[in-house]
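Student: I would like to learn how to read charged pairs in a protein model. Could we go through it slowly?

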Amino acid sequence: MSGDAPITSLWQATRAIAWKDLTAERRSRELLSAMLVFALLVILAFNFALDLDPKTRGSVASGVLWVTFIFAGTLGLNRSMATEKDRGCLDGLLLAPIDRSAIYFGKAIANLAFMLIVEAIVFPLYSVLYNVNLFLPGLLLTVVLGSVGYVAVGTLLSSMAVQARTRDMLLPILLFPVALPVLIAAVKASAGYLGGLPMEEIIPWLNLLGVYDVIFITVAFMVFDFIVEE
Amino acid sequence: MTAAIAVDRLTKRFGLKTVLRGLNFTAAQGEFVALLGPNGAGKTTFLRILASLSRPTSGEVRIGGAALPREAATVRRRLGVVSHQPLLYGDLTAEENLHFFARLYGLAAPEERIGEVLTLVGLARRRHDLVRTYSRGMQQRLAIARAILHDPDVLLLDEPYTGLDQDASAMLDAVLQEVAAQGRTVVMTSHDLSRVAALASRFDVLARGRIAASASRADLADAQLLAFYRTAIAEEAS
């Protein structure tokens, strides 16, 4: 081990940062309530705007579901890094003798937790409103894989966007094109499960989600230090 | 003996703008250096480079013999930083904030140390309160507790009095005197000459990206500090 190695392991530092974000959010509930209200409003808006018959509702369900998750997730990603930057807390993290990738992983774990909590609340409501059974093991796996991919790339890009004055506008502009593969794969896999398609038609989309997750987590691990460097 | 801080020909450019121009600086162990200078002189940039938050364009920076940016993790273990922002989380209590930073700095059994630093800054009784309920002065004292939690050799303070009223400033003075008396090397930037006059053992004036003048406390009576500062700035400008 090099003499300049951090004394706190990557895992310990990641856990500490995720714990800090989750504890702060448990107290303030700023992020979760905003994400949740936004997600519910999007679902309601789609419900009334589309005014679909039951058959068509099933076919658009996966699209509506993912648009809702992505919009609510973007809101959370933007706030998560902005709170660090606004109070100068990001400097506090950068001053610590830790592997800086721990900041990325800690923030990503907390962001994923927030997104999954919102999804867990949206799922039953969506099932009732759209009269669609969403509680399928394959669909739940798709939601987890899609959320991991979206949060992996979103946390990385929000770390870049937070340095800019126009960060609120910049994040969606940067994020949506890069997250398009994960959105397409998640919508296709979800539609496959909801439509009862055979597994061989769904597996390629799940593989794409898995590969996307691995690639972006690896890329983030490699480049995060350079992104947060002044 | 290795200097606590040794800076040799440090230059920092942001695009076409050169902020630091071949700056040389040393601080011995236990020295309290007040870094004075007008707005835009490069004080914050200099402290951010010492704190490993910014990379030098050229030149050499060593903290306790460890070179930046090559040995950044070693340097960060030896450094405590206080800026005009407290670098604390409002939705955590004071104790939770310190626990969090203790985990990042790898302190094995932090409870005792957290109690010590909270007592030092006079916040032991408010340790379970959320930081967002603290006044600005209390937040700044807690920021000092955070900065010295891991017992650093070097403490960097960037305008720590910003936004503090007279009472809070006086309380911060007392805490800083206590912290400096523990043998740490302290570098502090400030616009408040009367404040630093009572604390520092050396006064360096930074102007146009380099140290324009330096004087020890022994060479300078309190009443002469303002004249020394003005002369240094005027000579550098001419």
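Tutor: We start with a term: a residue is buried when its relative accessible area is under 20%, exposed when it is over 50%, and partly exposed in between, using a 1.4 Å probe and protein chains only. This is a predicted model, in which local features need pLDDT of at least 70, side-chain atom pairs count only at pLDDT 80 or more, and totals for chains, interfaces and linings use all residues. Residues are numbered from 1 along each chain as its sequence is written, chains are lettered from A and ligands numbered from 1 in the order in which they are written, and side-chain values use heavy atoms, with hydrogens and water left out.

Student: Are B:Asp173 and B:Arg195 buried or exposed?

Tutor: B:Asp173 and B:Arg195 are both buried. Their side chains form a salt bridge, 2.9 Å from N to O, a term that requires a side-chain nitrogen of Lys or Arg within 4 Å of a carboxyl oxygen of Asp or Glu.

Student: How many salt bridges are there over all chains?

Tutor: The count over all chains is 18. One of them joins A:Glu84 and A:Lys20 at 2.4 Å, N to O. A:Glu84 lies in helix α3 (residues 54-86) of chain A and A:Lys20 in helix α1 (residues 10-28) of chain A, so this pair ties together parts 64 residues apart in sequence; helices here are DSSP runs of H or I with at least four residues, numbered from the N terminus.

Student: Which residue forms a salt bridge with A:Glu84 at 2.8 Å?

Tutor: That residue is A:Lys107, and both A:Lys107 and A:Glu84 are buried.

Methods
Helices (H or I, at least four residues) and strands (E, at least two) are DSSP runs, numbered from the N terminus.
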